[in-house]
Amino acid sequence: MSSKTRSNSANHGHSNSGFVPDDGSGREKSAFVIELVEKRPPANTGEKDLQDYDPYQHRQVTHPTTNNETLIHLLKGSLGTGILAMPMAFYHAGYVVGSIGTIAIGLLCTYCIHMLIKVEYEMCKRKKVPSLSYPAVGEAALSDGPGWCRAIAPHIVHVINTFLLIYQLGTCCVYVVFVSSNIKSIVDYYTEEKTDVRLYMLIILLPLILINWVRNLKYLAPFSTIANFITLISFGIILYYIFREPISFDGLIAVGKLRDFPLFFGTVLFALEAIGVILPLENEMKTPRHFGGPFGVLNKAMIVIVTLYVGMGLFGYINYGSDVLGSITLNLPPSEILAQCVKGMLAFAIYITHGIACYVAIDITWNEYLFKRFQSSTRKVFWEYVTRTILVLITFLLAVAIPNLELFISLFGALCLSALGLAFPALMQTACYWHVRKGKAKVLMVLKNVVIAIIGVVGLVVGTYTSISDIIATFFEDGGESGHH
């Protein structure tokens, strides 16, 4: 993982990294909001050249990634805490609905990512820029749409940034709960006294703050490599535990309760959706045309990801049934040293990647909104550290308030990724081609995107409501112990 590329991705369900190198102003310049005028072609460019403008030909990437490298980055950005929650998602949905539902949500997410990629290419052609970030695509597309879209275009950047920020902070909350729950699970087995999970959160707080004081991403890159290696080994051991038991469907539910489906929906979205890393990865490719397409990098990655998620969810649920916990690591037999090692290894891996996940939240908060306020201040570095500390404390306090892993995952999946992964791409495509497509093609496009947007909005509202209702119930009923249902 390099600080010089925008393909940085945290080692979790997905991440929304977007960075470009220091532009000489003494800070890393964010790739979230790109000033369009910066990347316009030279003034002497001919009219024919503008008509034939191909964004892919104008991209200047210092270290372009190959197709295989991009595939690995995409897989890395989609495999982490999310996949460990899949057996719990299947518990909510049932093994039949869970399997079909995960594949259906995977197909829908993949289709929406393809839409986003095509809209970015189209808007880059129209605006004569080599590449755009997610919020910039939103602003550019809505600016070319019908009147009501043009009215909200200047604000869409802030809306998207807000969702990205909430999602990244939510991911960091999941990390804090995950690490603390796994440490507690190990220690509880070897000590008679059962300690509250919140105490472990308090113990890891100071080192977390210090990790997030690292201002340059390249210093975190070696830790990310170590974390990826540990995660890979840990997943292999978890699969060994899942498949060493004979498969039996006795006592398992094929179709879950309708009321629990939003929890399943939110968890799968959190786990599957890598929408934040899509454009940074595609923008950094040596051959970006190979990202989309029927046999492109995206489809290959999503086939592998969906297969892994269905496998982990289905066989994890078959193995542990109604006893399955918020993270499958908590189900591993505590009496076996290997199982305890997996918990410890994954807790360490997720812990050291917290800084990379939080880096995105810091990038949005500091570089996009606060930097200009403190630009003239002699203490701007001090205020940056204050910002970093406050963001870590927010994730810590949220985790302490409701230390419940599976509800956090479904909440932030439903709240943020329903919008970022489904509703916004549908809105962007509609606005982008509003004045281009005519007649039947336009009607079909609008109808299709309205359906996708409705799925996104209903998923957001119902999923968020269900998760918050369960969080409140858990908080008042059993003190919010992680992993209970």
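The model is predicted. Helix α5 spans residues 86–93 and is largely enclosed by the rest of the structure, because seven of its eight residues are buried. The count of aromatic pairs comes to 16.

**Helix α5**
- The buried residues of α5 are Met86, Pro87, Met88, Ala89, Phe90, His92 and Ala93.
- Their cover includes α4 (81–84), α6 (95–127), α11 (261–272), α13 (297–320) and α17 (405–432).

**Asn182**
- Asn182 sits in helix α8, residues 147–190.
- Its relative accessibility is 0%, so Asn182 counts as buried.
- A polar atom of the Asn182 side chain lies 2.8 Å from the backbone oxygen of Phe178.
- Beyond its neighbours within four places in sequence, Asn182 contacts Thr329, Leu330, Lys343 and Ala347.

**Aromatic pairs**
- Trp366 and Phe371 pair edge-to-face, with centres 6.2 Å apart and planes at 80°.
- Both Trp366 and Phe371 are buried.
- Phe408 and Phe412 are stacked, because their ring centres are 5.6 Å apart and their planes meet at 15°.
- Phe408 and Phe412 lie four residues apart in helix α17, so about one helical turn separates them.
- Phe408 and Phe412 are both buried.
- Trp366, Phe371, Phe374, Phe382 and Trp383 form a cluster linked by ring pairs.

**Arginines over rings**
- Arg379 lies over the face of Phe382, 4.5 Å from the ring centre.
- Arg388 lies over the face of Tyr359, at 5.9 Å from the ring centre.

Methods. Residues are numbered from 1 along each chain as its sequence is written. This is a predicted model: local features need pLDDT of at least 70, side-chain atom pairs count only at pLDDT 80 or more; totals for chains, interfaces and linings use all residues. Side-chain values use heavy atoms; hydrogens and water are left out. Buried means under 20% relative accessible area, exposed over 50%, partly exposed in between (1.4 Å probe, protein chains only). Helices (H or I, at least four residues) and strands (E, at least two) are DSSP runs, numbered from the N terminus. Contact means heavy atoms within 4.5 Å. A polar contact is a pair of N or O atoms within 3.5 Å; within protein, one must be able to donate a hydrogen and the other to accept it, and residues adjacent in sequence count only if both atoms are side-chain atoms. Rings of Phe, Tyr and Trp (its six-membered ring) pair if their centres lie within 6.5 Å; planes under 30 degrees apart count as stacked, over 60 as edge-to-face and the rest as tilted. A charge sits over a ring if NZ of Lys or CZ of Arg is within 6 Å of the ring centre and within 35 degrees of the ring normal.
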